[in-house]
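Welcome! Let's walk through this structure together, one question at a time.

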Amino acid sequence: MHHIFCNIPFSSEAAAPPHIVFLPGWGFDNRILALSPLARNWICPTTPVDPATIDGDLLALVASLKTEKIVLAGWSLGATIALAFARKHPELVEELHLFSMRQNWPGAEIEAIAKEFEQNPASFLASFRRKCFLGQKDLLRRYQELSGPEAQEPSPDQLAVLRRGLACLAATPTDGHPLSLPVVAVHGDRDIIAPIAERTRIDAARQITRQGDGHLCFLAADTPLASLSRKAGIRRKFSGAASSYDRFALVQKGLAERLFQHTTALAGAPQRIGKILELGCGTGAYSVLLAEQFPGARLDLLDFAAGMLARATAKLAASSRVRPLCEDGEHFLARAAADGDKRYDLITSNATLQWFADLGDGLRHIHRLLADGGLFTATIFGPRSLHELGTALETVLGEKIELPAAGFPARQTVETTLGQIFGGGEVEELHLEQRYASFHAMLESLQKTGTTGWQQGKTIRFSRTRLSLLDEWFQSQYGGCRLGYQVFLVSAVRPRPLATAP
């Protein structure tokens, strides 16, 4: 059976790079991903995975996406097949994420499963799915509602695919030659389908054990794949807001000027700075100031939103000293730091590092990339940013909304991490405020800057009545619509090595 790939149900947005392709486990299709808003825009087959055709269908999918590489993820049987594809076509896989995957399935165990399956396929599937959802009855009910009655009685073609899936598990060894790409293996310690003691062990894979999770650990909101998915959503929003960003991003523009003054004061003579890396350059407001202040420096501008980077590059088109880099900042830093080349005299970033999945790793890589005596400066939004918005929505609409800012690093985290890595540094806390004519104007500003303000996958509909009530709430609390921003102005220097006695 050939596969048709699509985004998960109920997602109207088109997939955008990095393309995340997910292969579901035995007996499941793309409807399993509808249980998680974090899976928006993941690409998944609409039918259970067929080992007989999946390799060729994945190759055709990659070609149709017009991309060099995909992020490939698999769950259970899907993980086994994803691993085999990555070993066969490593040049097409940027990252590999394996969920709930056993090191191997003994032939006798598969034979017993196959025998029970043949006796009553529908009954066996129902029992198997209950085991997958062990301890998560609400999720099981939701999945059953999404699947409908047709999922309970497999067709002859589907039965053949399921049989081939079992045969694949019995025949495919998970060991083999090492992979030259990032691999993450995630397992739940309460998994009874793929017990933790039998989890896959792949050389150089990052192993994550989730406490209290069972077979459905891929639905967790804090796995590396979920973080990557969130970033993909952020990238789409920022790239889409590129044309309106300069007009609405007043807070970010003010921070760029404040960061520029701070950076130039610490950098000293402009000729001391030979090479600069700006992380998250946006539309280039800060980039232009850096290029003017350091006329002899080479400037690497990095942003993962192509629309933003294009605007920044256009503003500096006359300069031959600028190199645009369209990629994820964390990935770039990790790869560049691994080269061991201390290449930058200044690494700086305005309102970007709060989006990093692991700020500590990012700062460690920045430290490695700085030349001796090199300077690091940044502004980082803190977790108290936009808190009025969350309070308003919960109070007026009765909806508990998790704002993205809730996951931003706290001041103590920034100070401690900076001190551990650089042996010191300065963190100054700023509190900024922006006022709006109405709640509608506030929403427009957030949308036009790419910072919508609530968690991925959450849709809130604002009727005229709701907008009026929110206006009244802000008027009673603050005398008008306003948002506050908590910002950390950060700086540190990579020390020069101590001189040794002759």
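Q: Is the crossing of H3 and H6 left-handed or right-handed?
A: Keep in mind that this is a predicted model. In it, helix H3 covers residues 107-119 and helix H6 covers residues 156-171, and their axes lie 10 Å apart. The crossing of these two helices, H3 and H6, is right-handed.

Q: Are H3 and H6 roughly parallel or roughly antiparallel to each other?
A: Start with the angle: H3 and H6 pack at about 165°. Angles over 145 degrees count as roughly antiparallel. The pair H3 and H6 is therefore roughly antiparallel.

Q: How many residues in the contact of H3 with H6 are nonpolar?
A: From H3, the contact takes in Ile110, Ile113, Ala114, Phe117 and Glu118, and these meet Leu159, Leu162, Arg163, Leu166, Leu169 and Ala170 in H6. Sorted by kind, 2 of the residues are charged, none is polar, and the nonpolar ones number 9.

Q: Are H9 and H10 roughly parallel or roughly antiparallel?
A: Helix H9 spans residues 250-267 and helix H10 spans residues 285-293; their axes come within 9 Å and cross at roughly 25°. An angle under 35 degrees counts as roughly parallel. That makes the arrangement of H9 and H10 roughly parallel.

Q: How many residues in the contact of H9 with H10 are charged?
A: On the H9 side we find Ala256, Glu257, Leu259, Phe260, Thr263 and Thr264, which meet Tyr286, Leu289, Leu290 and Gln293 of H10. This contact has 6 nonpolar and 3 polar residues, and the number of charged ones is 1.

Q: Which valines is leucine 96 in contact with, leaving aside its neighbours within four places in sequence?
A: Among the contacts of leucine 96 are Leu72, Ala82, Leu83 and Ala86. Leu179, Leu181 and Pro182 are also on its list.

Q: Is histidine 365 buried or exposed?
A: Histidine 365 sits in helix H13, residues 359-369. Not counting residues up to four places away in sequence, histidine 365 touches Leu333, Ala334 and Ala337. Its relative accessibility is 16%, and under 20% is the cut-off, so histidine 365 counts as buried.

Methods
Residues numbered from 1 in each chain as written. Predicted model: local features only at pLDDT ≥ 70, side-chain atom pairs only at ≥ 80, totals over all residues. Heavy atoms only, no water. Axes fitted to C-alpha atoms, helices over the stretch in contact; angles between N-to-C directions. Helix = DSSP H or I, 4+ residues; strand = E, 2+ residues; numbered from the N terminus. Parallel < 35°, antiparallel > 145°, perpendicular 65-115°, else oblique. Contact = heavy atoms within 4.5 Å. Nonpolar A, V, L, I, M, F, W, Y, C, P; charged D, E, K, R; others polar. Left-handed = near helix turned anticlockwise from the far one by under 90°. Buried < 20%, exposed > 50% of the residue type's maximum accessible area, 1.4 Å probe, protein only.
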